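Please take a moment to look over the sequence and the model before reading on. The paragraphs below go through them one topic at a time.

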Amino acid sequence: MINSVRQTVLAIANKENYGYITPTDFNLYAKQAQLDIFEDYFYRYNQWINRQNQRVSGSGYADIVKNLEEAIDTFSVEQPLFNTLNKYTVPSSCYLLNKVLINTDLKHEGTTTSENNLTDTAADFIASGIVAGDTVAAIVDESTVYSIVLTVSQETITTTNENLWIESGLSYAIYKTNKTKESEKISHSKITMLNASNLTAPTFGFPVFTQSEDKISLYPSSIDSVGQVVVQYIRTPKQPNWTFIGGGTQALFDQSASDYQDLEIPETDEPLIISKILKYIGISIRESDVYQAAAAEETKEQQKQG
Amino acid sequence: MAYLTGYQYYENSGTGNENENWGTYQYTSLTDIVNNFMLMYVGNDKLINNAERYNIIFHAKRGIQELNYDAMKETKVIELTVDDNCRIILPQDFVNWVRLSLYKDGVLMPLTENTQTNYAKSYLQDNEAKVLFDQFGNILTGTSILDGDRIDGASKTMYMGSGSMSGNMGYNVDGSWVFDYSVGARYGMNTETANVNPTFKLDKKSGVVNFSSNMADEIVVIEYVSDGMESGDDTLVSVNKLFEDYIYAYVKYTILSSKFNVQEYIINRARKEKSALLRNAKIRMSNINPSRLLMNMRGQSKWLK
């Protein structure tokens with residue numbers, strides 16, 4: 001999609017090489033335009049929900065809310081979090097933390113004593129009730145990785161991800177799969193009172209969390225095991241990169257470059273992103289005609305989308 | 001798939017307490033109530049949106065507490081031995097008592113509540129009746145004479161206590177016990193307090209029940225109501241399924257009525273729904289059925305003496 005957008009943009013703006021946009025500039029404009037459209041999804045989603053409640057939106061193919069949900073869900077990620085005690089680090093790409101899940105059924109936790117499968121001479125996995133299908137979380141290079149238990153003996157477990165256990169001394173925890181509880185986000189102004197109230201104090205059944213910078217703190221504070229917290233979040237779109245070979249006006253598109261990154265918004269938004277990029281170009285080359293035409297086109301497109 | 005297999009229900013899958021799941025089908029857990037409410041009553045296209053889950057938990061628990069106080073009819077029963085100071089400590093989850101009984105000689109005898117004061121805190125005083133303090137300025141306290149007399153049986157009481165019938169011999173005739181009538185009548189007797197059984201009085205602040213003097217080392221059965229909060233263990237909090245719809249209606253009403261800008265007719269609708277469901281649930285809980293009515297009707301031709 002990114003090449004198609006660039007070609008269209010150049011075709012519109014580049015007259016007698018006056019409006020030529022270098023790949024670097026194009027990538028910057030494309031990033032801004034994509035972020036702009038991405039943010040708009042959430043506002044439009046809210047507007048369409050209001051319209052739905054006023055019964056002025058349709059169902060089936062006219063269900064705009066569903067379309068927008070699909071567009072937003074393409075940026076949805078589910079990932080276990082790395083923790084230091086009960087402070088869990090949220091990924092830097094997180095735009096909106098939608099759901100925080102807690103693995104509540106902790107069966108066993110410890111540290112591996114050998115690099116051969118999951119081996120812990122201090123453990124008795126059978127007595128701990130571990131069975132095939134349980135989830136194992138381990139910390140590898142400051143990130144938490146999940147795998148599934150395949151076979152169990154007293155001290156050794158084989159898992160779906162064999163390459164995980166390449167060194168001893170790895171912290172791990174084993175949970176019953178799919179036994180999770182959703183944690184609720186609480187504002188800092190409420191958490192003290194919430195903890196102090198007998199009726200609402202957080203429990204394993206109804207856990208809560210607060211967020212500070214890129215860390216979330218779980219309540220009750222006993223939620224602090226390896227891989228105990230999984231988040232589902234909406235990430236920010238990756239920075240688009242139109243990669244090329246050659247240079248200057250002779251630059252040729254190279255999709256095989258390792259740092260190539262396509263635009264991530266749906267193709268149906270191509271006219272909108274072209275208008276937005278043209279608007280930036282209009283400002284850049286101080287061409288008011290380009291800016292005004294692009295702005296008018298963008299407004300028309302937005303009105304159409306609601 | 002069934003919620004629980006037969007094996008899980010009857011034998012708890014062969015692990016832990018065998019009776020863990022017996023009768024659980026009557027109840028819906030707090031977790032289910034909160035989940036179902038969040039799923040079905042909270043959302044962008046629902047009457048309630050942007051409600052925090054802790055709000056739902058709070059109101060659901062309050063609703064369950066209210067039901068436990070009267071409507072639910074789920075009394076807890078505990079047997080305790082009275083200590084040498086003629087008292088028992090109230091159960092951990094005690095909220096209010098329903099009945100206290102003395103269990104003796106195979107008979108459960110309901111006890112009367114003593115409306116007279118039978119306990120007191122005592123301040124230590126010097127010979128000039130001045131209150132005594134410790135080095136930190138706190139008042140020194142001791143055992144009150146009132147308490148001592150109650151334990152020793154020295155205090156007078158308007159309750160009959162052992163009474164004129166006490167110690168009378170009975171006769172066992174064909175397996176039934178028969179006692180002699182006392183000759184004459186007791187004119188002027190206060191029938192309200194005429195009870196041969198020991199008496200008790202609750203000291204709510206101290207968390208104990210004080211009994212009359214003859215109760216030391218006796219066995220007491222206390223029937224009481226709790227608030228259903230299971231001493232703070234949320235996993236055990238549940239409500240009878242007959243009240244499930246009422247709890248949803250109660251939570252909906254309390255949230256709508258405390259939200260800003262909700263039209264009064266919506267709040268009224270929720271209030272009426274809540275009240276109607278409570279009435280329905282109470283009727284269901286009263287278990288009026290033909291066989292019970294039949295048993296009651298059998299008494300209609302009984303001769304009254």
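How much area do chain B and chain A bury between them, and what share of it is on carbon and sulfur atoms? The two chains bury about 1300 Å² between them, with 59% of it on carbon and sulfur atoms, where buried area is the accessible area (1.4 Å probe) that two parts lose on being put together, summed over both. On the chain B side, B:Asn44, B:Arg53 and B:Tyr54 lose the most area to chain A, and together they account for 48% of what that side buries.

Before going further, note that this is a predicted model, in which local features need pLDDT of at least 70 and side-chain atom pairs count only at pLDDT 80 or more, while totals for chains, interfaces and linings use all residues. Residues are numbered from 1 along each chain as its sequence is written, chains are lettered from A and ligands numbered from 1 in the order in which they are written, and side-chain values use heavy atoms, with hydrogens and water left out.

Counted by contact (heavy atoms within 4.5 Å), 15 residues of chain B meet 16 residues of chain A. Across this interface there are 6 residue pairs in polar contact, both residues being at pLDDT 80 or more; such a contact is a pair of N or O atoms within 3.5 Å, of which, within protein, one must be able to donate a hydrogen and the other to accept it, and residues adjacent in sequence count only if both atoms are side-chain atoms. Helix H2 (30-40) and helix H3 (53-69) of chain B each supply at least two residues of the side that touches chain A, and H3(B) gives the most, with 7 residues. Helices here are DSSP runs (H or I, at least four residues), as are strands (E, at least two), numbered from the N terminus.

Salt bridges, each a side-chain nitrogen of Lys or Arg within 4 Å of a carboxyl oxygen of Asp or Glu, number 0 between chain B and chain A, whereas the count over all chains is 14. One of the salt bridges joins the side chains of A:Lys276 and A:Asp36 (3.1 Å, N to O). This pair links distant parts of the chain, since A:Lys276 lies in helix H5 (residues 270-284) of chain A and A:Asp36 in helix H2 of chain A, 240 residues apart.

Helix H2 (residues 23-53) of chain A also holds A:Phe38 and A:Phe42, which are 4 residues apart and therefore separated by about one helical turn.

Two backbone features remain to be pointed out in chain A. The peptide bond from A:Tyr219 to A:Pro220 is cis, with omega near 5°, and A:Pro220 lies in the loop between strand E13 (215-219) and strand E14 (229-235). A:Glu213, a residue other than glycine, has a positive phi, near 50°, and its place is in the loop between strand E12 (208-212) and E13.
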